[in-house]
Amino acid sequence: MNENKGSKMDITHLQRKERAKEFVLNYALYFILGLMILSIIAIEPSFLSKRNFLNILTQASTRGIMALGVAGLIVLQGTDLSAGRILGLSAALAASLLQSTSYSSRMYPELGEISMLIPLALAIAVAAVFALINGFGVAVLKLHAFIVTLGTQLIAFGLVQIYIESQKGGAQPIGSLQERYKLLASGTFLKIPNLVWFLMIISFVMWIIWNKTELGKNMFAIGGNPEAAEVSGVNLVKNIMLVYLMSGILYGIAGFLEAGRIGSVSAGTGFSYELDAISACVVGGVSFSGGVGTIPGVLIGTIILQFITYGLTYINVNPYVQFIIRGMIIIVAVAIDVRKYIKNK
């Protein structure tokens with residue numbers, strides 16, 4: 001009797017240890033990120049201020065909008081290496097049309113003051129074309145998203161280089177933007193940065209699409225099991241193309257707002273933004289295994305990573321060391337995600 005009781009206690013103890021181990025492994029990344037944030041605060045307590053927090057939210061906004069587009073592709077078991085460069089190209093096009101009318105080296109000197117909706121529409125259109133090319137490659141040509149988006153990344157980078165070098169003064173940043181454009185991105189409403197409002201509105205729209213529409217339902221079905229989704233009557237090509245189109249629209253909006261936020265656009269604009277977006281998605285719980293992800297998770301992941309990036313810069317950590325840290329975060333996040341997938345399978 002005592003032996004049976006002792007055996008049961010041993011089994012219960014082992015189960016508790018196993019559960020504790022699983023908990024630590026599943027949430028290891030959050031512990032690491034939390035320790036990093038606490039370390040930054042400990043090194044420089046002045047980091048905790050309302051001004052810094054608003055700056056973090058502002059900088060996270062355009063990346064968050066882009067991450068919402070990338071998240072849909074990851075839900076489909078894909079990815080997008082071209083997102084940052086597409087954003088950069090969209091930003092360059094928008095900025096070139098909204099340079100100050102008094103600036104002597106304008107790219108389009110004959111162009112008067114136009115509605116900001118025109119550059120916004122152009123930025124979205126160009127980004128949407130690239131996204132549709134990516135979607136066509138994945139849905140119709142059955143190419144891996146990594147390969148297609150790597151190709152369009154290079155194409156977008158080449159085009160933005162050519163476009164910027166076509167200026168009268170040669171390869172210089174597209175600057176001297178109109179005040180109304182910069183104010184749109186850097187202004188505030190009810191003491192909250194405009195960019196944060198844009199992120200909240202777009203996030204709400206995306207939440208509705210993901211959770212309340214047929215497209216959202218089909219997106220998760222395809223990501224979870226494409227063969228089963230097709231057997232159930234889901235049009236794979238149509239839905240995949242629509243998700244890619246949706247991502248392109250978000251890249252275009254983010255590019256338009258990013259140009260106004262930073263005040264000028266160079267060939268480096270958008271560099272590694274796609275890695276930030278992918279990192280934010282994975283940290284926020286969007287699984288590379290497909291079919292799993294939430295809008296709040298993407299937003300939380302974006303803000304956490306921006307908090308760390310801003311904090312590392314605030315305490316004067318070498319920018320190259322920051323790249324190493326970001327790379328390690330991606331590796332750990334994906335490793336945990338893969339581990340969960342293997343365990344569930």
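Visitor: Is the crossing of α3 and α11 left-handed or right-handed?

Guide: This is a predicted model, in which local features need pLDDT of at least 70, side-chain atom pairs count only at pLDDT 80 or more, and totals for chains, interfaces and linings use all residues. Residues are numbered from 1 along each chain as its sequence is written, and side-chain values use heavy atoms, without hydrogens and water. A crossing counts as left-handed if the near helix is turned anticlockwise from the far one by less than a right angle, and as right-handed if clockwise. By that rule, the crossing of α3 and α11 is left-handed.

Visitor: At what angle do helix α3 and helix α11 pack?

Guide: Helix α3 covers residues 50–75 and helix α11 residues 236–262, and their axes lie 8 Å apart. α3 is therefore roughly antiparallel to α11, a label used for angles over 145 degrees. The angle itself is about 170 degrees.

Visitor: How many charged residues has the contact of α3 with α11?

Guide: The contact (heavy atoms within 4.5 Å) involves, among others, T58, R63 and L73 of α3 and V243, E258 and R261 of α11. Counting Asp, Glu, Lys and Arg as charged, the contact has eleven nonpolar and six polar residues, and its charged residues number three.

Visitor: Which element gives the most to the lining of the largest pocket?

Guide: The largest pocket is lined by 23 residues, and R63, Q306, T309, Q322 and R326 lie nearest its centre. Elements giving two or more residues to this lining are α3, α12 (273–283), α13 (295–314) and α14 (319–344). With seven residues, the element that gives the most is α13.

Methods:
Axes fitted to C-alpha atoms, helices over the stretch in contact; angles between N-to-C directions. Helix = DSSP H or I, 4+ residues; strand = E, 2+ residues; numbered from the N terminus. Parallel < 35°, antiparallel > 145°, perpendicular 65-115°, else oblique. 1 Å grid on protein atoms, 1.4 Å probe; cavity = no way out; pocket = protein on both sides within 12 Å on 5 of 7 lines; lining within 4 Å.
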